[in-house]
Amino acid sequence: MERKLGEQYQTFFQRNIVVNNEQSSLEIAAVLADIDKKTGINSAVIWVIPEEKYLHLVYLSKQGNIFVKDLDEAPLNKITKVVQDFYFEIDQINNPMNLAQSQQLYKWIIEPFKKEFLDAENINSILFCIANQVPLIPLSALHDGKNFLVEKYSVARIPAFNLINTEYKPLKNVRVLAMGASNFPDSVPLPAVNLELQNIQRLQNRSKTLSSTEILLNENFTQQNMQRQLQKNSFNIIHLATHANFNPGDTTDSYIQFWNDKLTLDQMSNIPWQTPPDLLVLSACNTAIGDRNAQLGFTGIALQSGVNSALGTLWSVSDLGTFALISEFYEQLINQSEKNHTKAEALRQAQNLLLQEKVYFEDNRLITPHGNIDLPESLGVKGKINLSHPFYWAGFTLISSPW
């Protein structure tokens, strides 16, 4: 199963990809046990492999026991239809969400393992490996009838367990290269990008973890300037506040938009890192739902770029909503890293604060538990803007290593 998953990414990216040698289930369990000890979390891996006539599910945790379940009630065409309807419901931002599809996916993917394994083993972090025949699922928004998945579990999407970096390094002395553009010569504006980058820099003033932030904004946001920075410095986090599109077709059709040109997916394996970054953030992604190649590009972005983890969005989240979530993610990442927690947990905490209406906009201010951020009058934020709807937070997805 793992070998087949790896071959899909090698074929798509047209190069040999080796992260770890093939590991047995007991070796994977040992890796989970080691990382759980270092981070204080309890992890499990769930493989979701659709077949034409049934859904093949595999569960593994540090206990080393494999549990397999085949669901005849969930053939590929039925899952695909439910996921597509799920997306439609999430997009109805002005209406209370119909949770029928969300609960159906929960019943198929989570419920078979819930009591006997997830509950019994006190699991609070799940690595999902989902074959790319299934449209990308906003996993954090799966619903059990009372709560969303993100309220209990941190979540990451992995291409295959043997394709992720399983080394855990707490974030210390973090250097960030934050780049982006609020206006483009030929793309839709992203007015909140200035605030997004400024807020990352602002965190540096009150964080022992974040040691430096370099900013490349608007016309300075070019591939040439990025390469100059990479030649001079090694960065832990690369933050790109710009359009990133994962499109049908091959790796030349998907790209990250810079000020004056595009960095295509096939070019990303040539980025001259001094040391591979711990995290690549793409805060304004859009992925073609249901297209296998677009999904391989999105779920393989960490592999192709050479970073340990990537954070992207499944759909074009609102510009203001992105600013709110990303600001809170960094707040949590910096605080959590000092307690030996994980990137996935930092994302979970940020998503929950939006869901619980503890982060929201009101009269040109972003209201957060850590203090308020004033917004420019030009953004025209009047009254209260609630961000609890899954549209604002469920699209953010951690890819590859959750640690």
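**Model and numbering.** I am working with a predicted model, in which local features need pLDDT of at least 70, side-chain atom pairs count only at pLDDT 80 or more, and totals for chains, interfaces and linings use all residues. Residues are numbered from 1 along each chain as its sequence is written, and side-chain values use heavy atoms, with hydrogens and water left out.

**Overall shape.** Along the principal axes, the C-alpha atoms fill a box of roughly 55 × 45 × 40 Å. I noted 12 helices and 17 strands in the protein chain; these are DSSP runs (helices H or I, at least four residues; strands E, at least two), numbered from the N terminus. Of the 403 residues, 60% count as buried (under 20% relative accessible area, with a 1.4 Å probe and protein chains only).

**Positive phi.** I checked two asparagines. Asn218 has a positive phi of about 50° and lies in the loop between strand 7 (210–217) and helix 7 (223–232). Asn218 counts as buried because its relative accessibility is 14%. Asn364 has a phi near 60°, also positive, and belongs to the loop between strand 13 (360–362) and strand 14 (365–367). With a relative accessible area of 7%, Asn364 is buried.

**Rings.** I found 13 aromatic pairs in the structure. Rings of Phe, Tyr and Trp (its six-membered ring) pair if their centres lie within 6.5 Å; planes under 30 degrees apart count as stacked, over 60 as edge-to-face and the rest as tilted. Phe391 and Tyr392 form an edge-to-face pair, 5.6 Å centre to centre with 80° between the planes, and both residues are buried. Ring pairs also link Tyr59, Phe67, Phe113 and Phe117 into a cluster.

**Charges over rings.** I looked for charges over rings (NZ of Lys or CZ of Arg within 6 Å of the ring centre and within 35 degrees of the ring normal). The charged end of Lys262 sits over the ring of Tyr255, 5.0 Å from its centre. The charged end of Lys384 sits over the ring of Tyr360, 4.5 Å from its centre.

Key. Buried < 20%, exposed > 50% of the residue type's maximum accessible area, 1.4 Å probe, protein only.
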